[in-house]
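Have a look at the fold below, then read on.

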Amino acid sequence: MTLGRPAPDANKTLFFRRWLRNPLQMGSIIPSSPALCQRIAAAVERGPDEYVLELGAGTGVISAALLAAGVPAEKLIVVEIVPEMAEFLRRSLPGVNVICGDAFDLRNALSAQMQGRIGTAICGIPLVLLPLERQAAFRDAVESVAPGRGFLLYTYCATSPLPYRRLGLTARRMAFTVANFPPASVWRYRPAQVPQTTASHHA
């Protein structure tokens, strides 16, 4: 699929400006590398009628990797809280469901027909920088629209960035790459009471 994205330098400039505006909403000053994007896409689980939900998409490099990995544009939902970034994503990701909304209030951000049909939620928000109550609020927001599915979180921490037991979650590191600055991991978190066998198959 060919996307009408601006040049990489334009992506980096917009990304950096976005980071300067609110560093706590973005974990890095540069977009994720192709290697990290591919590892995130490889960890996605999605049934034929399910959506992939990306929270904190930045300039859309992971979104593009998801599309390249076979997620249909109409089955990708991107939630971005900053209007300028949301408009950029609408222009650069034609056909994708780009929603200008709050990742901590997904019940109001997502339409009713999307809720309960999320195969994988992907978090690009640096949750490690937030207090436990905000981490719990994010967990609850995802659970409200994707019950039992949990979420993928990419991070630059060497160990789990979340105190998952305190949050009632299980944790598994799905991937690691040094081909990113800084080196990054992909973690999968699920509600602790949900058996792993309930996960849907890969896209």
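Which residues form one aromatic cluster? They are F104, F138, F151, W187 and Y189. Keep in mind that this is a predicted model, where local features need pLDDT of at least 70, side-chain atom pairs count only at pLDDT 80 or more, and totals for chains, interfaces and linings use all residues. Residues are numbered from 1 along each chain as its sequence is written, and side-chain values use heavy atoms, with hydrogens and water left out.

Searching the whole structure turns up four aromatic pairs (rings of Phe, Tyr and Trp, the last by its six-membered ring, with centres within 6.5 Å; planes under 30 degrees apart are stacked, over 60 edge-to-face, the rest tilted). One of them joins F138 and F151: the centres are 5.1 Å apart and the planes at 90°, so this pair is edge-to-face. F138 belongs to helix α6 (residues 132–145) and F151 to strand β5 (residues 151–155), so the pair ties together parts 13 residues apart in sequence (helices are DSSP runs of H or I with at least four residues, strands runs of E with at least two, numbered from the N terminus).

F151 also pairs with Y189, with centres 5.5 Å apart and planes at 35°, so that pair is tilted. Y189 lies in strand β7 (residues 184–191), so here strand β5 is tied to a part 38 residues away in sequence.

Buried or exposed? F138 is buried at 0% relative accessibility, F151 is buried at 4%, and Y189 is buried at 0% (buried is under 20% relative accessible area, exposed over 50%, partly exposed in between, with a 1.4 Å probe and protein chains only).
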